[in-house]
Amino acid sequence: MGRKKGGFLLGVVIGGVAAAATALLLAPKSGKELRDELASKTDDWRDLASDYTEEIVGKTSEMSAVVKEKAADLTNQATEFASSVKGKSEDAVDDLGDIQADLFDDLKQQSSDLSDRFRKAADEAQDVVEDTADDIVLDADEVKADAKQTVSEGASELNVKAEDLKDSETFDEIKEEIKEEVEKNNPE
């Protein structure tokens, strides 16, 4: 759009110069007046063209400065964006690495805790089995001792009774009665 505007202004200047030259040449004047007027108009048009040229150069310089400034801004924005994306990507990679390390540590800890629980449960089960076995052995020893004492006491009492029976006449009478009963019931 700026190029079309500059081309238009240049066309206006050239058209104006051509129109002025034509007007001067066609106007009824003497040669000297015409030359002086042409020189004057040429100087005016040269000054006007110079002014327009300076204005166009100034505007072009301003536009060039604006374009350079905006290009620098865009470059800075693109660089900042690229840095931001790179930083965020690196942060995300670091965060994922941290998450992975934390997860691995958690799993390792849970595995260790579970292993410790199994070991503890196995130790407790073994302790219960050993304690129960010890209790059974102690109970068996106690029952054995009680039984031995009971048998010993029973044997002692039986010995006393047997002695009493041997010494008594009743034993012989009972023995004879039993013998007679057996013979009666079992005739040979």
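I will take the fold, the confidence, the surface patches and then the salt bridge.

Some ground rules. This is a predicted model, where local features need pLDDT of at least 70, side-chain atom pairs count only at pLDDT 80 or more, and totals for chains, interfaces and linings use all residues. Residues are numbered from 1 along each chain as its sequence is written, and side-chain values use heavy atoms, with hydrogens and water left out.

Fold first. The protein has 3 helices and 0 strands. Helices (H or I, at least four residues) and strands (E, at least two) are DSSP runs, numbered from the N terminus. The order is α-α-α from the N terminus on.

Now confidence. pLDDT is the predictor's confidence in each residue, from 0 to 100. The protein averages 79, and 86% of the residues score at least 70. H2 has the highest confidence, with a mean of 82, and H1 the lowest, at 71.

How much of the protein is buried? Of the 188 residues, 3% are buried. Buried means under 20% relative accessible area, exposed over 50%, and partly exposed in between (1.4 Å probe, protein chains only). The protein exposes about 16300 Å², and carbon and sulfur atoms supply 58% of that. Accessible areas come from the Shrake-Rupley method with a 1.4 Å probe; for residues, only the protein chains shown count as cover.

On to patches. Their residues have over 30% relative accessible area and no salt bridge; like charges are joined within 9 Å, nonpolar side chains (Val, Leu, Ile, Met, Phe, Trp, Tyr) within 5 Å.

Phe8, Leu9, Val12, Leu48, Tyr52 and Ile56 form a nonpolar surface patch, together about 480 Å² of accessible area. Helix H1 (2–26) and H2 each give two or more residues to this patch. Val12 sits in helix H1. Val12 counts as partly exposed because its relative accessibility is 43%.

There is also a negative patch, whose members include Asp123, Glu124, Asp131 and Asp146. Asp and Glu count as negative, Lys and Arg as positive; His and the chain ends are not counted. Charges are placed at NZ of Lys, CZ of Arg, CG of Asp or CD of Glu. Asp131 belongs to helix H2 (residues 31–167). At 46% relative accessibility, Asp131 is partly exposed.

Last, the salt bridge: a side-chain nitrogen of Lys or Arg within 4 Å of a carboxyl oxygen of Asp or Glu. The structure holds 1. Asp116 pairs with Arg119 at 2.9 Å, N to O. Both lie in helix H2, 3 residues apart, about one turn of the helix. Asp116 is partly exposed at 37%, and Arg119 is partly exposed at 47%.
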